[in-house]
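Welcome! Have a look at the structure below, and then we will go through a few of its details together.

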2 protein chains.
Amino acid sequence: MNSITVSPEALQRFIQSAFTSQGLPEADAAQVARLMTEADLQGSDGHGVIRLPQYIKRIQAGGINKHPNIHVVQERAAMAVVDGDNGMGHLVVSRAVDIAIEKARTCGVAWVGTRYSNHAGPASLYARRPLEHDMLGLYFAVGNANHLPPWGGTDMLLSTNPIAAGIPTAEEPPVVLDMATTVAAYGKVKAKAKRGEQMPAGWMIDRQGKPLLDPNKAGEGFLLPIGDHKGYGLALIVGLLAGTLGGAAMGRDVIDFNADFKTTTNTGQAILVIDLAAFGDPALFKGAVDKLVRDIRGSDRLPGVERIWLPGEQSHEKRNRYRENGVPIAGGLVGDLHKLAADLGIAPLEEMALA
Amino acid sequence: MNSITVSPEALQRFIQSAFTSQGLPEADAAQVARLMTEADLQGSDGHGVIRLPQYIKRIQAGGINKHPNIHVVQERAAMAVVDGDNGMGHLVVSRAVDIAIEKARTCGVAWVGTRYSNHAGPASLYARRPLEHDMLGLYFAVGNANHLPPWGGTDMLLSTNPIAAGIPTAEEPPVVLDMATTVAAYGKVKAKAKRGEQMPAGWMIDRQGKPLLDPNKAGEGFLLPIGDHKGYGLALIVGLLAGTLGGAAMGRDVIDFNADFKTTTNTGQAILVIDLAAFGDPALFKGAVDKLVRDIRGSDRLPGVERIWLPGEQSHEKRNRYRENGVPIAGGLVGDLHKLAADLGIAPLEEMALA
């Protein structure tokens with residue numbers, strides 16, 4: 001089908017109707033739809049509406065609890081563990097972030113982990129949440145499929161376990177980092193396959209340790225961690241913090257949610273929220289970040305480099321552009337969503353396309 | 001001079017006598033000497049006694065406050081900022097870790113940052129400290145010289161800003177990560193120069209963006225971040241957390257402590273301590289980490305790989321070996337320390353060499 005452009009409101013309505021058609025409560029469906037639309041709006045298009053067919057398949061297979069009792073199971077003044085009762089990850093992590101913000105307001109700093117959560121979309125969505133409270137966020141998650149062996153090994157015991165950070169600014173766009181601890185996220189490999197392109201050397205290796213370039217053979221190899229052994233170490237630590245510490249799956253216990261739609265994933269995430277006001281006048285901090293951002297942007301450049309980007313700046317520009325002009329949806333995805341809408345008996349997305 | 005081997009006790013005594021000869025109080029000299037010896041014991045030999053001449057030079061130049069009033073300037077239940085009053089970094093960070101451990105005991109989690117601190121040795125020393133309390137540590141620091149430009153740029157606005165983590169285990173060695181956010185730490189470049197070796201491609205580039213291989217020309221180029229733009233983002237976030245948040249130097253304000261021995265560095269570090277007991281039974285967590293460690297170590301291996309290492313395992317083995325057999329000190333360093341001892345009028349290290 002042809003590519004289309006849709007308003008964020010229409011996209012959100014479409015996603016919401018898909019979830020309510022499967023029996024998710026209206027408010028929960030709206031919240032998940034809003035966050036998935038946010039993902040597409042900021043250009044995290046591997047984590048937005050593209051995931052809808054997979055989420056619906058999991059709900060239909062009984063792999064998601066549609067009426068979860070999301071509740072705190074461990075708590076102290078500056079920490080909590082939230083049991084997501086196998087609900088949609090977006091709901092579970094949102095609850096965790098809300099609790100962390102409240103606790104940080106009094107304690108200065110708070111850490112909230114999740115267990116029995118699920119895939120929750122792009123890490124940056126949650127690391128950004130504290131910004132409006134003049135707080136900063138650090139977010140860690142266990143990926144939902146193991147594609148990374150330990151350094152030197154071939155058993156896939158680790159995932160792309162991402163790290164995200166959201167740092168408040170005064171006038172500049174917020175500094176928002178969102179990175180997998182592998183050179184390429186697995187979604188990028190899938191995108192290469194879909195476009196019929198080869199991967200660059202350095203993304204994956206095969207079981208002999210040789211560069212793997214054909215994305216259709218991704219199943220025969222492994223992702224490579226950033227900085228060799230360093231990224232392996234980072235992926236491990238992130239997994240221990242986001243998974244093991246909160247009582248969620250890590251290592252051999254991680255379920256490949258691309259292959260298994262039924263087994264409870266027991267996904268773990270963790271958010272650290274820091275209240276700027278505890279450290280002094282937030283305006284001073286934000287002004288210092290602005291100055292640093294401008295120093296970085298104004299740096300002399302290597303030959304051929306047109307512009308120096310800050311983390312999150314490209315997403316910020318996309319969000320502004322897509323809010324104004326609508327969100328582009330590629331033709332292949334429009335087709336997938338057309339089929340999904342027909343299956344669910346809901347109005348298809350392409351009917352809501354902007355002229 | 002010839003290489004020697006010394007007992008850790010002798011090494012610590014030698015370092016301590018150097019500091020007391022310069023007027024550092026006995027207890028402070030002992031604490032710094034103990035931590036520097038710990039660095040050599042765990043094989044962090046770029047951060048141990050090799051730094052002694054540089055530290056002494058800074059003290060003699062008036063760049064270190066020998067009688068600092070290390071005190072808390074911001075505080076809430078789960079956080080504090082410690083002003084180091086330009087004392088030795090080892091003393092300042094040790095104080096910060098002690099406070100974080102105390103606060104984590106009640107709040108579950110605590111974050112303590114430093115300002116007006118100084119270079120404090122290897123990050124892992126501090127990330128490891130909470131382990132004996134069944135707590136885990138995450139440590140961030142601003143490096144003491146900017147060798148890293150933003151991705152695509154040539155202005156050196158960032159340092160190798162390290163991340164370290166210490167994770168408790170039951171029977172296995174603790175998992176201890178300690179990594180610069182650059183492919184190579186600058187100390188490794190200096191070591192290559194000293195040995196007359198070329199650097200591998202990927203460590204540094206020149207101002208044209210071409211690989212820089214001659215470590216003697218390091219001043220004409222820049223370190224490369226791990227994972228390209230990802231490591232740049234990590235170095236930036238670590239600097240914002242360890243520097244800007246606590247009111248310490250970051251970006252253009254960072255003093256190159258290899259070139260300037262007098263100006264107050266206003267170094268910043270930050271430690272996050274998490275009390276395992278707040279999350280459940282610490283024994284369960286430590287058992288789960290042990291299992292994961294064994295799964296990783298037992299992974300099938302790529303051709304030619306003899307052993308899979310966990311982060312911190314090599315340091316753990318070195319510590320055991322050096323405690324038993326003594327710490328090796330390379331000939332060049334023995335010569336430097338011989339000269340230092342003569343200048344300070346203290347007994348030279350080589351007189352304490354083991355047979």
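How far is the sulfur of B:Cys107 from the closest cysteine sulfur? The distance is 4.8 Å, to the sulfur in A:Cys107, and that is too far for a bond. A disulfide is a covalent bond between the sulfur atoms of two cysteines; here, a pair counts if the sulfur atoms lie within 2.5 Å. Searching the whole structure gives 0 disulfides over all chains, and A:Cys107 is accordingly in none.

Are these cysteines buried or exposed? A:Cys107 counts as buried because its relative accessibility is 4%, and B:Cys107 counts as buried at 5%. (Buried means under 20% relative accessible area, exposed over 50% and partly exposed in between, with a 1.4 Å probe and protein chains only.)

## How the model is read

This is a predicted model, in which local features need pLDDT of at least 70 and side-chain atom pairs count only at pLDDT 80 or more, while totals for chains, interfaces and linings use all residues. Residues are numbered from 1 along each chain as its sequence is written, chains are lettered from A and ligands numbered from 1 in the order in which they are written, and side-chain values use heavy atoms, leaving out hydrogens and water.

Strands pair if DSSP finds at least two bridges between them. E6(A) pairs in the antiparallel sense with E5(A), residues 135-141, over 4 bridges, and with E7(A), residues 175-179, also in the antiparallel sense, over 5 bridges. A:Ala165 stands opposite A:Leu138 and opposite A:Leu177 in E7(A).

Technical notes. Helix = DSSP H or I, 4+ residues; strand = E, 2+ residues; numbered from the N terminus.
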